[in-house]
Amino acid sequence: MKKVSDINASSQADIAFLLLIFFLVTTSMSVDQGLFRQLPPPNENNKDEKVDQINERNILVVLINRDNQLAVEGEITDINELTDRTIKFLTNPTNSESLSEQVPASKKYQEAMDKGKTEEAAVFKTLEEQCGNPGITRGVVSLQNDRGTRYDVYIQVQNSIVAAFNICRDNFSKENWGKPFEELDADKQKLVKAVFPLSISEAEPREVK
């Protein structure tokens, strides 16, 4: 009887390893992605200002508890109402003393000049000349959530607040230049941002009742 020679399997391990590398390189894997948002740069002009120096009427307190309930100024609110509530707070159309102050650009110009902030003063002077001395909001939105708040609920609330600022900027841009904010040149966008600065204070999570 003829003896059958053994099959040489020494190279199979190398082939299997190469196949593994091939599948790892060519296979797409699902990965969790973070939140794509460009945060506003630190305000160098306000480093010496303390939060407790802000007038209470200029702070809109937004809380989310562990049951994912939303409260605005202590009142349970539907998330669908948050954007409109924030817009009303920032613009204060009825000049209410319970909503944010609207400081004329001419006054902001003088305040900046008194502090020697000539570049900032120039922005307010341009606003006074080009936009009829508009009111500059002092409004700040304070967002606080509980440690048990769901992440997706927090993001929905955050997006609703940012949307309010964007709508305010768009409306101001259309009223003065007939274009939405994104279509303005950089110089005009700077003016709009001075009227509605993105002032959102986000504190560390804590127990929110």
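With which residue does Arg138 form a salt bridge, and how far apart are the closest N and O atoms?

Analyst: This is a predicted model, in which local features need pLDDT of at least 70 and side-chain atom pairs count only at pLDDT 80 or more, while totals for chains, interfaces and linings use all residues. Residues are numbered from 1 along each chain as its sequence is written, and side-chain values use heavy atoms, with hydrogens and water left out.

Arg138 forms a salt bridge (a side-chain nitrogen of Lys or Arg within 4 Å of a carboxyl oxygen of Asp or Glu) with Glu111, and the closest N and O atoms are 3.4 Å apart. This pair links distant parts of the chain, since Arg138 sits in the loop between strand E5 (135-137) and strand E6 (140-145), whereas Glu111 belongs to helix H3 (residues 105-114), 27 residues apart. Helices (H or I, at least four residues) and strands (E, at least two) are DSSP runs, numbered from the N terminus. Arg138 has a relative accessible area of 29% and is therefore partly exposed, and Glu111, at 27%, also counts as partly exposed; buried means under 20% relative accessible area, exposed over 50%, and partly exposed in between, with a 1.4 Å probe and protein chains only.

Strand E6 has 5 of its 6 residues buried, so this strand is largely enclosed by the rest of the structure. E6 pairs in the parallel sense with strand E1 (residues 59-64) over 6 bridges, and likewise in the parallel sense with strand E7 (residues 200-202) over 3 bridges, where two strands pair if DSSP finds at least two bridges between them. Val141 of E6 takes part in both pairings, being the bridge partner of Leu60 and having Ile200 in E7 as its own bridge partner.

The structure holds 5 salt bridges, and two further ones can be set beside the pair described above. Lys125 and Glu128 meet through their side chains at 3.9 Å, N to O; because they are 3 residues apart in helix H4 (residues 118-131), about one helical turn separates them. Lys125 is partly exposed at 31% relative accessibility, as is Glu128 at 27%. The side chains of Arg150 and Asp152 meet in a salt bridge at 2.9 Å, N to O, with Arg150 partly exposed at 44% and Asp152 partly exposed at 34%.
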